[in-house]
Amino acid sequence: MTRNETNGESENGDESLSLAVRNVGGIEQASVSLDPGVTIVAGENASNKSSLLGSLGGVLGGPHPPLRGGADRGSVTLEVDGDRFELDLVRRDGKTVVADATPYTAATTLVDLFVYLGEENPIRRAVVDGGDLHELLMRPVDTAAIEAEIQRLQERRDEIDDRLETLDATVDDLPELEVRARQLAERQEDVTARLESKRAAIEEADYRDAAETTQHLLDDLQAARSERGRLRDRRDTKRRAVDSLRTDLDAVEDRLSDLTGEKELESVDERIEQVDAELTRLRDRKGRLDETINALSPIVELNQQFLADARLPSTFDADDVVEDLHPDSESVTCWTCGQPVERSEIKSQVEAVEAILQEKRRERRTVEARIEERQAERTELDAKRDEYADLVERRRRLEHEIEERERTLADLETRIDEVGERIERLEAELSETDAASELVDRHREVSELEYERGQLERELADVEERIADAEDAKAKRETLREERAEVTSELAERRDRVERIERETVETVNECMARVLDRLAYRAVERVWIERREGEDGTAFDLQVVRTADDGTVYRAAVDTLSKSEREVVGLVIALAGYLVYDVAETVPVVVVDAIEMLDAERIHGLLDFFDEHARYVVAAVLPEEADRLRERFDTVELATAEVV
């Protein structure tokens with residue numbers, strides 16, 4: 001494939017990537033153009049191939065590369081299809097930091113795991129060192145969000161179940177309520193008929209000739225009975241209100257009983273003090289860890305850069321590098337003391353410091369997780385204490401309101417009794433007048449019937465309201481049952497999602513592994529695959545190996561029986577499988593492959609061909625002797641000239 005120099009496109013019309021690097025790693029300045037397909041970056045060891053590929057990985061969205069020694073600022077620029085992506089680096093307190101960045105993607109996890117496949121790629125390291133493949137391959141899955149969604153759906157289903165239980169009880173009362181409504185309506189009709197009959201009898205009675213005093217007594221008696229009826233109505237209304245308030249108070253008391261029954265609430269203030277003290281201690285510990293990590297990071301970074309660059313000059317001339325190497329001792333000039341030091345000694349010290357640094361970072365992650373747990377507990381305790389205070393205040397208000405209404409009820413009862421006594425006096429006075437006792441009895445009966453009819457009307461209205469509520473509950477119940485079915489389906493889908501991804505990942509890894517091993521033709525390696533296993537601590541991905549003995553016997557072997565180069569290939573293939581599982585090509589159509597010098601040209605060709613089937617752009621670093629054999633098959637960038645050959 002050749003490039004069209006006039007429009008920056010390859011002959012088949014696909015867009016090229018233009019990468020420019022300044023003061024990064026061992027590179028003072030370089031620029032390359034990368035066509036779709038496979039591009040190999042050729043160069044000797046310590047010729048800054050890794051710096052170039054690390055720069056590409058950084059601007060794609062992966063870990064940022066280090067600045068060039070002695071430089072205070074550096075940059076990486078990537079132009080794709082008219083879009084420009086940049087990474088600006090500065091030196092601050094002796095370490096490289098990002099001053100500004102517009103990376104190709106913000107999906108840094110995908111780039112770290114599945115795009116930038118350098119020697120320190122986490123998946124490659126996990127295969128070589130026996131790390132946790134399940135955690136790495138499932139890292140892009142937001143399991144915390146899925147668990148939170150599962151929790152939300154469970155809570156919603158429980159809430160629906162509680163409401164359905166209440167609605168079921170309401171709907172179950174419907175037949176009885178309908179019978180009760182018919183009975184009340186019949187009684188109301190009977191009372192109304194009797195009341196009309198009594199009133200008609202009173203109207204037909206002629207007591208116009210009765211004495212004026214008698215007529216006044218009859219009018220007063222009628223007024224008193226009407227007043228007693230109104231007072232009874234008010235009393236009944238107030239009594240229902242008090243009953244409702246008592247129901248609310250019982251609910252508040254039950255919730256308070258639940259809260260005070262929990263031990264942590266009995267001494268919630270004491271527990272909050274303990275949590276605050278632990279948070280202070282954890283934050284202090286995190287601060288000390290931050291200081292240690294910030295102090296060690298530049299040491300590791302500078303020494304790694306020193307080992308990689310070996311005091312490279314500003315150009316890519318490898319001859320200048322060789323002048324700083326002592327052929328007999330393989331020593332380099334120490335950048336701190338200026339004395340010749342064995343490269344292996346520096347590397348050993350750097351690895352020791354890096355091990356400490358990694359341990360401190362792991363400890364910091366543990367401390368940060370505990371801080372989050374204690375903060376969540378503090379929030380929960382605050383909420384519980386606030387709820388308890390709110391309930392206590394609500395109980396106080398309810399008790400006060402009940403007390404006020406009961407006083408009103410007592411006053412009404414007193415007034416009803418007083419009116420009743422007045423009615424008795426009026427009836428006694430009437431009995432001594434010229435009014436017929438039958439007329440007095442009829443007035444008394446009318447008063448009682450009016451009160452009874454009022455009671456029946458209110459009771460019937462209440463029952464009819466409950467019937468309407470039951471009918472409404474019946475409709476709501478059907479809606480909630482449909483919602484519950486949907487929630488249950490979503491819950492099952494969420495619960496199955498992680499397992500589906502796990503199984504898809506295992507299948508993809510194993511399929512890719514079989515194809516690559518067949519293509520690379522490792523003589524003694526029969527099969528490498530991943531098994532999904534459920535353990536006490538959750539799901540695990542176990543790497544399995546089957547080897548072939550010299551006599552042709554096939555046997556299962558430990559992973560560490562694979563050579564380092566074989567394990568590196570396994571790590572690369574697993575990373576590519578993750579690239580496929582998570583459809584990373586839709587986000588980043590590039591795969592960057594570094595540190596494959598342990599492979600010969602034919603196996604590099606087979607591996608890169610496989611990568612080329614799944615990524616639009618594949619960029620790999622190789623040694624010159626391998627590049628010479630691959631030049632006819634792949635585009636080649638000579639690092640010394642940074643030109644496309």
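**Reading burial, cores and helix packing**

Colleague: Which helix holds Glu278?

Modeller: Glu278 lies in helix α9 (residues 268-309); helices are DSSP runs of H or I, at least four residues, numbered from the N terminus. This is a predicted model, where local features need pLDDT of at least 70, side-chain atom pairs count only at pLDDT 80 or more, and totals for chains, interfaces and linings use all residues. Residues are numbered from 1 along each chain as its sequence is written, and side-chain values use heavy atoms, with hydrogens and water left out.

Colleague: Is Glu278 buried or exposed?

Modeller: Glu278 counts as buried because its relative accessibility is 17%; buried means under 20% relative accessible area, exposed over 50%, partly exposed in between (1.4 Å probe, protein chains only). Beyond its neighbours within four places in sequence, Glu278 is in contact (heavy atoms within 4.5 Å) with Arg370 and Arg374.

Colleague: Which residues have the most contacts inside the largest nonpolar core?

Modeller: In soluble globular proteins, nonpolar side chains tend to be buried together. A nonpolar core is a set of buried Ala, Val, Leu, Ile, Met, Phe, Trp, Tyr and Cys residues joined through side-chain atoms within 4.5 Å. Here the largest has 104 residues, and Ile574 and Phe611 have the most contacts inside it. Helix α12 (residues 437-520) gives the most to this core, 13 residues.

Colleague: At what angle do the axes of α2 and α13 cross?

Modeller: Two packed helices are described by the angle between their axes and the distance between the axes. The axes of α2 (residues 108-115) and α13 (residues 564-581) cross at roughly 140° and come within 8 Å. The contact is made by Leu113, Phe114 and Val115 of α2 with Ala575, Gly578 and Tyr579 of α13.

Conventions. Helices (H or I, at least four residues) and strands (E, at least two) are DSSP runs, numbered from the N terminus. Axes are lines fitted to C-alpha atoms, for helices over the stretch in contact, and angles run from 0 to 180 degrees between N-to-C directions.
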